[in-house]
Amino acid sequence: MSFVEIKTWLNYVILEYWPKSLKQAQIIMLPKPGKNPIDVTSYRLISLLLTISKVLEKLILKRINKESNPQDWIPNHQFGFRQAHSTIQQCHRVADTINKALENHQFYTAAFLDVSQAFDKVWHPGLLFKIKKILPIKYYNLLKSYLQERHYVTKYNNETSRSFQIHPGVPQGSIFGPLLYLLYASDTSRDTKMGTFGDDTAIFATHADPTTASRNLQEHLLAIQNWLQKWKIKVNETKSSHITFTLRKDNCPAVSINQTVLPQVESVKYLGLHFNRRLNWKVHITKKRKQTDLKAKEINWLIRKKSNLSIENKILVYKAVIKPIWTYGIELWGCASKSNTAIMQRAQ
């Protein structure tokens, strides 16, 4: 693309207008292994946008971050799409509060919510209201134009569908997408007893009395429920879970959201780590051991003793394919008891 063409697009941006030719997305359908090919949920959808659109978004995003200072309006419990904030850091924050509760002989009860298609269901009038409230006013018309009248086509093999208009949601695969979702969810709560990474949401409460702990958690869930209803975001109650972290045999009483009791579980998966009620990491280590065994069987033809691959290349394959599976989160589970870490050591 020539300099003249880039300058033309920038002129549109200066006029607070996003060109229609940059609002078209192409959806690629990738089949999931072992799934029913006639079921629409058996495909992973990848949204492809024009490169020039992403370049413009990147330039504008730098200016927005410089002028609005996201640290002022992003809640402290939100670790998604932020510099110097990773999944492991969020898990460390959660694990640290759990360990402190266990050391103080308290009940730590938590609800892990499964938000249904959060990015795809963002309500545009509500998002525009928050854009006007949080960002400098000069970006309002530009982002309003960016969100309106977007279209997509679906491509599978050599077939392409007709164009459809996108009504709710933020553009998938875009540079603006994470920023817009953070804006939309910026007023959930600034209570430190929450942990969010994008739309992965966990809510906590701690108390020496299990009934009081559940009552505090229920009050927070009611506040979240009201916020979800106001801003038209849905939670899948059956896929959400409620867990009690404690060294005792007792459980905290059940809690509910949207008049549905959350299933009580003994362990929960959050951001790739498995937290069990005693937080001894045995469940996580056992599952990672099984996962590494399955992956090793898949590439056994490549790394087995009779393979013609050199030992140096076998080690390279191991480090690239198998090692990342079990080393994820080792900063946390690596301090587990020797009897638990030995499960993984034997596998190595």
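**Notebook: a predicted chain**

I started with the surface: the protein chain exposes about 19600 Å², and carbon and sulfur atoms supply 54% of that. The areas come from the Shrake-Rupley method with a 1.4 Å probe, and for residues only the protein chains shown count as cover.

Some ground rules before I go on. This is a predicted model, where local features need pLDDT of at least 70 and side-chain atom pairs count only at pLDDT 80 or more, while totals for chains, interfaces and linings use all residues. Residues are numbered from 1 along each chain as its sequence is written, and side-chain values use heavy atoms, with hydrogens and water left out.

**Overall**

I looked up the secondary structure and got twelve helices and 13 strands. These are DSSP runs numbered from the N terminus: helices are H or I with at least four residues, strands are E with at least two. The C-alpha atoms fill a box of roughly 65 × 65 × 40 Å along the principal axes. Of the 348 residues, 42% count as buried. Buried means under 20% relative accessible area, exposed over 50%, and partly exposed in between (1.4 Å probe, protein chains only).

Next I checked contacts (heavy atoms within 4.5 Å). Among those between residues at least 6 apart in sequence, 69% join residues at least 24 apart.

**Strand β3**

I picked β3, residues 107-113, and found seven of its seven residues buried. Which way do its side chains point? Phe107, Thr109, Ala111 and Leu113 go one way, and Tyr108, Ala110 and Phe112 go the other. In a regular strand the side chains alternate between the two faces of the sheet.

Then I looked for partners; two strands pair if DSSP finds at least two bridges between them. β3 runs antiparallel to β8 (residues 200-207) over seven bridges, with Ala110 opposite Phe204. β3 also pairs with β9 (residues 241-245), again antiparallel, over five bridges, and there Ala111 stands opposite His242.

**Glu57**

I found Glu57 in helix α2, residues 51-68. Glu57 is buried yet has no salt bridge, meaning a side-chain nitrogen of Lys or Arg within 4 Å of a carboxyl oxygen of Asp or Glu. How far away is the nearest side chain of opposite charge? That is Arg150, 5.4 Å away. Leaving out residues up to four places away in sequence, Glu57 touches Trp18, Tyr146, Ser174, Ile175 and Phe176.

**Helix α12**

Last stop: α12, residues 338-347, where Asn340, Thr341, Ala342, Ile343 and Met344 are buried. Their cover includes α8 (282-298), α10 (311-327) and α11 (330-333).

How values were computed
Lys, Arg positive; Asp, Glu negative; His and termini not counted.
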